[in-house]
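The sequence and the model come first.

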Amino acid sequence: MPKSDISTKVIKAAKKGTPIVKFGNGKGKKTLIVSGVHGSELSSQVASMKLINYLSKKKNIKGTIYVIPFVAPKATAKNQRFYNGKNLNSIANKKGSVTNKIMLFAKKNKINAVGDFHCTMPGGNPGKNIIMGTKVPTLKSARMAIGISRLIKQPYKNYLIAGKEYPGALEDVLNLKGIPAVTCEVKTPHGKIASGSITASLRQMLGFLKYNKIIT
């Protein structure tokens, strides 16, 4: 991860719980970037820290950006996929779970778009760099997946109904609540960082922000 004052502050905050970094003045369109729902998916979490360092020096942010680089710092520190033995991407609909609290945070702060960034195993599902959304009930999710795909030249896939294929996934629960969300995956083994995977994840994050016209 980048060595900087802001990196040190974020890591220090992560020792106390889930850190949230805010950029912008709270006005305009509000976006949320999330990584580390699975602790051993390292590339997207390092990409989030790179993004935080990039945004800390950027002056023309047109809106508000929240970044959660480590959803479950304890799992990340141990390089474990699950947090306290639970898959946080299947219990975002369960009251009290970390991912449910993120959904409530998005709702309370009237977030306009959420990007949830993950890593996928080679040979797994989906097993490639991809942006995913859903059509029902929040069509803006599907449109966002297509838009990001066109911007960064990575494939997309849109599911028909949120919560059907992946019940309890953060993206699905957000879409069911009417908050447009996408899931972005990059290919790398869990617990390891494949060459180019951090760059690919950072491209997805920047594409998400550019699609939502927060940065240029």
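## Second largest pocket

By class, the lining of the second largest pocket comprises four nonpolar, three polar and three charged residues. Here Ala, Val, Leu, Ile, Met, Phe, Trp, Tyr, Cys and Pro count as nonpolar, Asp, Glu, Lys and Arg as charged, and the others, Gly among them, as polar. The model is predicted: local features need pLDDT of at least 70 and side-chain atom pairs count only at pLDDT 80 or more, while totals for chains, interfaces and linings use all residues. Residues are numbered from 1 along each chain as its sequence is written, and side-chain values use heavy atoms, with hydrogens and water left out.

The lining is formed by Lys29, Asn112, Ala113, Lys140, Arg143, Met144, Gly178, Pro180, Tyr211 and Asn212. Helix H5 (residues 139-152) gives the most to it, with three residues. Helices (H or I, at least four residues) and strands (E, at least two) are DSSP runs, numbered from the N terminus. The volume of this pocket is about 160 Å³. A pocket is found on a 1 Å grid over the protein atoms alone, as an open set of points where a 1.4 Å probe fits, with protein on both sides within 12 Å along at least five of seven lines; lining residues have an atom within 4 Å of a point. Grid points are joined across faces, edges and corners, and a volume is the space filled by probe spheres set on the points.

## Largest pocket

The largest pocket has a volume of about 410 Å³. It is lined by 27 residues, of which His38, Asn89, Asn125, Tyr166 and Glu185 are the closest to its centre. The lining divides into nine nonpolar, eleven polar and seven charged residues.

Which elements each supply at least two residues of this lining? They are strands E4 (113-120), E5 (130-136), E6 (156-161) and E7 (181-187), together with helix H6 (170-176). The most comes from E4, with three residues.

## The sheet

Seven strands make an open sheet with mixed pairing, in the order E1-E3-E2-E4-E7-E5-E6. Strand E1 (21-23) and E6 are at the edges and have a single partner strand each, so one side of each lacks a neighbour in the sheet. From one strand to the next, the twist averages 20°. Two strands pair if DSSP finds at least two bridges between them.

Strand E2 (residues 30-35) and strand E3 (residues 64-68) are parallel and pair over five bridges; the bridge partner of Leu32 in E3 is Tyr66. E4 and E7 also run parallel, joined by seven bridges, and His118 stands opposite Glu185 in E7. Glu185 is also among the residues closest to the centre of the largest pocket. E5 and E7 run antiparallel with three bridges, and Ile131 has Cys184 in E7 as its bridge partner.

## Helices across the sheet

H5 lies across E4, E5, E6 and E7, at about 155° to E5. Helix H7 (residues 197-211) lies across E2, E3, E4, E5 and E7, at about 160° to E7. Axes are lines fitted to C-alpha atoms, for helices over the stretch in contact (heavy atoms within 4.5 Å), and angles run from 0 to 180 degrees between N-to-C directions.

Ser48 lies in helix H2 (residues 42-56) and counts as buried because its relative accessibility is 0%. Beyond its neighbours within four places in sequence, Ser48 is in contact with Ile33, Ser35, Val67, Pro69 and Met205. Ser48 and Ile33 are 15 residues apart in sequence, with a C-alpha to C-alpha separation of 8.0 Å.

## Backbone in the loops

The bond from Asn125 to Pro126 is cis, with omega near 10°, and Pro126 sits in the loop between E4 and E5. Val136 and Pro137 are also joined by a cis peptide bond, with omega about 10°; Pro137 is in the loop between E5 and H5.

Lys110, not a glycine, has a positive phi of about 55°. Lys110 is in the loop between helix H4 (98-108) and E4, and counts as exposed (over 50%) at 65% relative accessibility. Lys153, likewise not a glycine, has a positive phi of about 60°. Lys153 is in the loop between H5 and E6 and is exposed, with a relative accessible area of 72%.

Methods
Buried < 20%, exposed > 50% of the residue type's maximum accessible area, 1.4 Å probe, protein only.
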